[in-house]
Amino acid sequence: MTAPPALQIGLARLHRAQPGDADRLAAALEAATPAATGVPDHGLLLIRRLALAEPLGGAPGRRARFAAALVDGIRAAKAGARRPGDGAAGEGDLYFEDLAAADAALVRGMLAGHPAPLLAAALPDGAAPLLRWRRHVLTDVRHLPIVLSRLLESGLAGAWLAHFEDSELRLAADRLLAAHEAPTKAPPPPVVPLPPPGELPAVLALARARVMAMPAAPGARRLALVAACAASRPDMLASTAFARLLADITMAAPFVHALGPASARTSRSAQVAAAALAQPATAAAKPANTGNTGPKPVMAQARPASRDMTPTASPQRATARAPHAANAPVAAPRSLPETAPPTPIRADLLAASSLEIGSNFAGLFFLFNAFTALALYGDFTRPHARLPGLSPFALLAWLGRRWFGAAFVADPLHGLLRELAGLGPRQRLTAQFEAPVWAVPSEWLVPWPRARPQRRGRALWHPAGFVLAHDFEGRAALPTPARQRQRWLHAFARYLQARMDRAADGGVGALSLPGVITVKPDAIMVGFALETHPISLRLAGLDRDPGFVPAAARTIGFVFS
C-alpha cells in the first residue's frame, strides 16, 4: 500500500498564472515538509481555504519564500482548526490527531444527523460511511481496534454497529482474533464462567462494563470486546481468561436488560459504573454542526519516517568477569510486592496527543530489542509472537522492580509502565501471565558455546548462573500456575542478567540511564544524551530502533542528542 501524499490540494487557483506554474507549485509543496508544518506523524489537517499573498515566481528564492508562506499558513490553520468533540459551531478547518479520530468523527456526524462534507470529501468513500467501514475499516486489523475502541469509550459503538449485519461483525471479530493467533471458537462449558473483575486488567474490566451496557446483538458485543482488547492489551487475546470473558459476553444478555426485575445477579457497583459510563455518551453524541460546502479540502498528512525493523540477534561481547558475577544479585528485596501505590500517571493523560516524562531508568526500553531477538515478542515480521497475558510493559516493570528495587518504584517510569500495561493501581503486574514450563532454547545459548550444565537438586543450571530447565520427573503433578509463573519470571530474569553481563559494561546496571520518554497514541520515543551513552550498548545492538511492536501496539524509537 502506497503512503498518501504529505499535502493534498483539491483545487488551486493561481492569479496571473504562467507556463510551468504547476511544476513550480509541486516543487514548493515538496519543500513544505510535514515536520515544518507542525502536523505530527499520522496527523490529519483539513483546510477549507488557504490564500497566500506570496507570489510563486520562477526563481529558486521566490519558490522558497512561497514554500515558507505555505508552511506558515498551514501552521496558522492548525492552530485555529476545530478538534473532535470541542463543540464549535459553524464552518472552519478540522484537525484530527490520526485517521482513527477522523473515522470516529465521521461516525458521530452520521449518528447525529450532521455530517461534515469537508471530512467526507477527504476520506475514501467518506460520503457513504457504511460503505467506508465495509471497505476500509472492518477489513483493516490494525485500524479497526483503534476506531472501535474510541467509539466504545464515547458510548456510540452500539448505535453504530447496529447498522451492520451480525454475521459480518462476527466475521470481523474472527479476523481480528486470527490476526493475533487467538482461538475463534468459544471454550467448552466448564470454563465459561466470567472471571472476577478484580482478576482482569483494568482496561478489560472497563471494556467489559461498556460492552455489557450496549443494547446490541452478540456479534456487535463480540467485535467491540475483541477490538478493545486488541487496542489496549493485545497480549491478552490468546489467553484463557480472555476466551472465558469473550464467551460470556457473547452469550449474555445486554447489560441494560438486566437492570429490571431479573437483575439480582448484577452488583450495585456494576450498575453505578454503567450509569457513569452513560453520561459522557450523551455529550459525545452532539458533534459540532459542520455543514460545510465548497471546494475540496487541502489535506496535510504527515508520513512517519521509515525505519529498519528487521530483527537481528544482538552481537555479544565477552568480558572477563569473576565466575560468580552472573549470580551477583542486583535485585530489590524479594519481599517487594508486585502491586504499587496509586501512580501519578493517569490513563487520561496517555490518551492525549503527547505525554512527556523524565526517568532515571529510561534505558529499560532497550530491552525491547532483547525481547524481539529472543522471540518473546514479535516485530512487524512476526506480529503474533508474544507471551500470553503478559504485556511487554508489565515485563519491563517487573524487571525494573527486581533489579532496581525501591528507587525504580519511586521513579515516574514505574507508574507509566503500569498504565501502558492497562493495570489498575493495586493489580499485580503478572497476574494474567500464562507461563510455559521454563526451558532455555538452544539458540539462546549461542553466547556460551562450550559451557557444561550442572545439576542442582531438581534443576539443570548453566555455569553463567541461570536455570536451563526444571525436572518434574517423579512428581505427582506440575506446579500450580502461580508457582510456574514465578519460576518462569525469576529464571528469565537470571538468564537476561547473564546476557547483559556479557553484552554491556555494568550488566543490567547499564540500563539505569536517564532519559526523556515521549508517549503518543501510536508511538513511544525515548531521548538520551549522546555524550554519556555507553558505547557497550551500541556495540551490543541494544540501542537500535525496535520499530513497531504489535504486543505493545506502538512504535518504539530512540533519539540521541
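**Salt bridges and cores in a predicted model**

In this predicted model, a salt bridge joins the side chains of R132 and D103, with an N to O distance of 2.7 Å. Because R132 belongs to helix α6 (residues 129-137) and D103 to helix α4, the pair ties together parts that are 29 residues apart in sequence. Both R132 and D103 are buried.

The structure holds 9 salt bridges. Another of them pairs R150 with D98, whose closest N and O atoms are 2.8 Å apart. This pair links distant parts of the chain: R150 is in helix α7 (residues 143-153), whereas D98 is in the loop between β3 (94-96) and α4 (99-112), 52 residues apart. D98 has a relative accessible area of 12% and is therefore buried, the cut-off being under 20%. E97 joins D98 and R150 in a network of salt bridges.

A salt bridge is also formed by R222 and D174, where the closest N and O atoms are 3.0 Å apart. R222 lies in helix α11 (residues 218-232) and D174 in helix α9 (residues 166-179), so this pair ties together parts that are 48 residues apart in sequence.

Nonpolar side chains tend to be buried together in soluble globular proteins. In the present model, the largest nonpolar core has 73 residues. Those with the most contacts inside this core are F365, L367, F371, L399, F492 and I517. Another core, of 46 residues, lies apart from it and includes L148, W160, M236 and A241. Beyond four places in sequence, I517 touches residues including L355, I357, F365, L413, L416 and V526.

Over the whole chain, 19 helices and 12 strands are present. Of the 561 residues, 47% are buried. The accessible surface comes to about 25900 Å², and carbon and sulfur atoms account for 58% of it. Among contacts between residues at least 6 apart in sequence, 76% join residues at least 24 apart.

The average pLDDT of the chain is 76, and 73% of the residues score at least 70. Over residues 300-336, pLDDT stays under 50, and the model has 97 contacts beyond four places in sequence for this stretch. Residues 340-344 also stay under 50, with 12 such contacts.

How values were computed: Residues are numbered from 1 along each chain as its sequence is written. This is a predicted model: local features need pLDDT of at least 70, side-chain atom pairs count only at pLDDT 80 or more; totals for chains, interfaces and linings use all residues. Side-chain values use heavy atoms; hydrogens and water are left out. Helices (H or I, at least four residues) and strands (E, at least two) are DSSP runs, numbered from the N terminus. Buried means under 20% relative accessible area, exposed over 50%, partly exposed in between (1.4 Å probe, protein chains only). Contact means heavy atoms within 4.5 Å. Accessible areas come from the Shrake-Rupley method with a 1.4 Å probe; for residues, only the protein chains shown count as cover. pLDDT is the predictor's confidence in each residue, from 0 to 100. A nonpolar core is a set of buried Ala, Val, Leu, Ile, Met, Phe, Trp, Tyr and Cys residues joined through side-chain atoms within 4.5 Å. A salt bridge is a side-chain nitrogen of Lys or Arg within 4 Å of a carboxyl oxygen of Asp or Glu.
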